[in-house]
Amino acid sequence: MTSERYNPREAEGKWQKNWADRDTFRTDNTDKRPKYYVLEMFPYPSGRIHMGHVRNYTMGDVVARYKRARGFNVLHPMGWDAFGMPAENAAMQNKSHPAKWTYENIATMRGQLKSMGLSLDWSREIATCDPTYYKHQQRLFLDFLKAGLVTRKKSKVNWDPVDQTVLANEQVIDGRGWRSGALVEQRELTQWFLKITDFAQDLSDSLDDLPRWPEKVRLMQKNWIGRSEGLRVRFAIESNSLTSDKSVEVYTTRPETLFGAKFLALSADHPLAIAAGKRDAKIQDFIEECRRMGTSVATLETAKKKGIDTGVRVQHPFDPEWQIPVWIANFVLMDYGTGAIFGCPAHDQRDLDFARAYGLGATPVVCPPDQSTADFEIGKIAYDGEGKLINSRFLDGMDIPDAREEVSHRLEKTLVDGQPQGERQVNFKLRDWGISRQRYWGCPIPVIHCDDCGTLPVPLKELPVILPDDVTFDKPGNPLDHHPSWKNVGCPECRKAARRETDTMDTFVDSSWYYARFTDPTSLESPTTEAADHWLPVDQYIGGIEHAILHLLYSRFFARAMKATGHLGVKEPFDGLFTQGMVVHETYRSGDGGWRTPSEIRIEATPDGRKAFSLSDSSPVEIGAIEKMSKSKRNTVDPDEIIGSYGADTARWFMLSDSPPDRDVIWSEEGVQGAARYVQQIWRLVHEMRELSCQASAPEGNLDEIATRIRKIVHGHLMKVEEHIERLRFNTAIAEIRKMTNALSASIAGITSPEQISDDMRNAYREALDFMIQMFAPMMPHLAEECWAAAGHDNLVSETPWPILDRTLAAEDRIVIPVQVNGKKRAELEIEYDADSTRVEAEALKLEAVARELNGRPAKKVIIVPKRIVNVVV
RNA sequence: GCCCCUAUGGCGGAACUGGUAGACGCGUCCGACUCAAAAUCGGAUUCCGCAAGGAGUGCUGGUUCGAUUCCGGCUAGGGGCACCA
């Protein structure tokens, strides 16, 4: 027996070197075993890893190590999402180059990740800022361009005045830039777009074919894509003195309410509205007011519905005598539908608010089932529920679906202005993805603008278009714009002077295909090779919920676009998705209101609660809310410090043990200490079991009763641990492992030497020892290697196949069944596992507690659920 | 406003398809070891009750022999979208 403590500092470095020297985790694309691709969202090289990374990568590593042990050829790579604004900001501050900052951060963070003992194939490491990566991204862009999946158009864009760049809709949060937090302005610019809307239908439909994605994420994407079915309705204009148009179109999802129409409303940017503005100064003023409003989305919530009458009148589709006024309204969007709506105040809240403000009326056309059709009226709340049509002529009495069909059908057959009056249409909220960014530190868009030849792709043989090194950041705006020798080039067609595109790509482009590049990261000629089709889709992707829409939707689009251009065989990149929760921590505030870091305070636990004190002057510190680790609240814990003082295994174990992986985990010093304690417990137990199992061999045939009981403990827990890991329930997997070591520990209590026990038991302990080490190896790999060696093995546990489960041992032979009387538990019945119902009933009724409850009365009914419960009903 | 999720001891949480509520851990209390402390080990720990027993999974109603689990109505907390016609 050893009295030495396990020393993680010595052991962890040793085993990390061992794995590296032996290339244990290098993956061979030609390996014939079944493949398994596990990927965690790659980090942005911001400087240092944080606890969120530790959690993310630990989970992925457990899966990778487990699947490897189960005989899969596992691909588990790591790389760097290395382009982006912070590198430029740092360059401005430090008067240095973004590349320098980025590569220094990568070096630091690579070292930190290595100290975690992750089973990564580092030979496949990629950085998106490396020309050998973005060369292929430029190639993909040009192929997409050729395939019609890229457009360049003038459009209103979200302009971030602080970062001086354009933002995608997805990057505007509550009207502010997602990075800078500055209020976003609207500007008209010519921009490059990826036509994600070409795939809107499929991106939405295919979500149903992703059963291994969280329901929540699928729902969020579905809502974001926002598919709706409706009717485009053409209204004939009575007399149009403004434009040459004879009709105006609206989009509606509720054509059955047409008889409730009180007005048409145009967006301020609608051509008819603009024409009206030119004629009338008041209208022009209103349009300009609308445009100003559009820029401050924050005010939308409180903004009143406002409008102005254009004086134009249209005819009701079913009654040429019925005139409807055309208004311009501040709540109608130009870029959805047709930029015009018909207002049905009775059944749409916005329309009702508007109609009430301008006295336009609100005739109900749908009557709720519990209301009288004769006197149903609309008050302040529009009715949007089920019901029968009223006040609607030929629709009266129909239910909504029938009326909708009737209206659609009739309008499809009528002509207005020479075109069908109604056309069924599917609309999406999803917009095309604007990828132009006026930044330096991103992938250059490989096109050249020539005054004569137009916009031309850079010839493939000239790729990559490399970022120039000699740039300065002393002027606002894009340094590429201020770099004449880079910007000015010859036109690839006519050789005359031309200009490079100086916009670079949104960094979300970089991360939209890296999972494919990992499958063959050094291929020179093409972005992907046949290896991509071998490895993809990713079997298990793990990352934060914050990427539920942006990154995951873009990646799904990219896979489709790559498939369409022959770069990929699959359209869904991620077969299984897991979104892990955040790492949160208590916050601490001292008397002066300032935040204190966890390392600046000490905690005292008393029966009436925990109290915190400052380490420097022992003054009391208030323990505040538990929140996401952040620099501003100073409640961060540095992974380096934890690994330095407790070791990576302790950090990994605690990170996995305390909460379900999809929920937030509270990082606590007490919890970490508990994990560290357990590491030492295992170390002792391994040595004790090694003593007992010396000269033992693998258990075979029928063993004696105590030995069999030990094997049952081990196999029973092995079965459960497998189930939990397969379902990524790491917290319960860990509980099972602890239960097993508790049971083994109890079973050897009092045994001091191998002579005291049978050969069978020694053999059983041999198996128990090996299995136990293998079972915790995915979570605590260094400790496992050290224990594996201590147990007498001369190979690595990382290279050892998973233990083989004996299901007959995992099954019980006697079980305890609760016995209820009238649904209340009164007794327990211990009985053979395979006892039949007749016997269970007889035995249950014999129980004293049951007899007492029955008190002589006969049982009315006895319910027996085999192996579960007995319920006696009196 | 619309959509979605969550609610279990002092705390994190466990409970497979309706079948012993509270696994495993943290904390606390008691004990052992120690001159003492730390570390370590053993025990107790949902609440009320000396006990027998009773109550109990946010609240409320229902279905069922039996509900943390299913259904209806609420309350609280969290998240997503946000004038999308």
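**Reading the fold**

Mentor: Begin with the contacts: of those in chain A between residues at least 6 apart in sequence, 71% join residues at least 24 apart. Please keep in mind that this is a predicted model. Chain A contains 26 helices and 39 strands, and its C-alpha atoms fill a box of roughly 110 × 90 × 65 Å along the principal axes.

Trainee: What share of the 874 residues in chain A is buried?

Mentor: Buried residues account for 53% of them. As a general idea, nonpolar side chains in soluble globular proteins tend to be buried together. Here the largest nonpolar core has 180 residues, and Tyr515, Phe558, Trp667 and Phe776 have the most contacts inside it. Helix H19, residues 669–692, gives the most to this core, with 11 residues. A second, separate core of 39 residues includes Phe259, Ile308, Phe342 and Val366.

Trainee: Which residues is Phe776 in contact with, leaving aside its neighbours within four places in sequence?

Mentor: Phe776 is in contact with Trp653, Ile682, Ile737, Leu783, Ala784 and Cys787.

Trainee: Why does the pair of Tyr6 and Trp683 tie together parts of the chain that are apart in sequence?

Mentor: Tyr6 belongs to the segment before helix H1 (8–22), while Trp683 belongs to helix H19, so the pair ties together parts 677 residues apart in sequence. Both Tyr6 and Trp683 are buried. Ring pairs also link Phe144, Phe199, Trp433, Phe508, Tyr554, Phe557 and Phe558 into a cluster.

Trainee: Where does the charged end of Arg410 sit?

Mentor: The charged end of Arg410 sits over the ring of Phe394, 3.6 Å from its centre. For Arg556, the charged end sits over the ring of Trp213, at 5.9 Å from the ring centre.

Trainee: Is Glu786 buried or exposed?

Mentor: Glu786 has a relative accessibility of 18%, so it counts as buried, the cut-off being under 20%. Glu786 is placed in helix H23. Not counting residues up to four places away in sequence, Glu786 touches Tyr6, Ala11, Lys14, Trp15 and Trp683.

Trainee: How does one read empty space?

Mentor: Rolling a probe the size of a water molecule over the atoms shows where empty space is left. In this model there are two cavities of 30 Å³ or more. The largest cavity has a volume of about 130 Å³. Its lining comprises 15 residues, of which Arg65, Ala69, Ala777, Val797 and Ser798 lie nearest the centre. Helix H2 (51–69) and helix H23 (781–790) are the elements that give two or more residues to this lining, and H2 gives the most, with four residues.

Trainee: Which residues of helix H3 are buried?

Mentor: In helix H3, residues 85–94, the buried residues are Met85, Pro86, Ala87, Glu88, Ala90 and Ala91. Helix H4 (98–115) is included in what covers the buried residues of H3. After H3 comes Lys95, whose phi is positive, near 50 degrees.

Conventions:
Residues are numbered from 1 along each chain as its sequence is written. Chains are lettered from A and ligands numbered from 1 in the order in which they are written. This is a predicted model: local features need pLDDT of at least 70, side-chain atom pairs count only at pLDDT 80 or more; totals for chains, interfaces and linings use all residues. Side-chain values use heavy atoms; hydrogens and water are left out. A nonpolar core is a set of buried Ala, Val, Leu, Ile, Met, Phe, Trp, Tyr and Cys residues joined through side-chain atoms within 4.5 Å. Buried means under 20% relative accessible area, exposed over 50%, partly exposed in between (1.4 Å probe, protein chains only). Contact means heavy atoms within 4.5 Å. Rings of Phe, Tyr and Trp (its six-membered ring) pair if their centres lie within 6.5 Å; planes under 30 degrees apart count as stacked, over 60 as edge-to-face and the rest as tilted. A charge sits over a ring if NZ of Lys or CZ of Arg is within 6 Å of the ring centre and within 35 degrees of the ring normal. On a 1 Å grid over the protein atoms alone, a cavity is a set of points where a 1.4 Å probe fits but cannot get out, and a pocket is an open set with protein on both sides within 12 Å along at least five of seven lines; lining residues have an atom within 4 Å of a point. Grid points are joined across faces, edges and corners, and a volume is the space filled by probe spheres set on the points.
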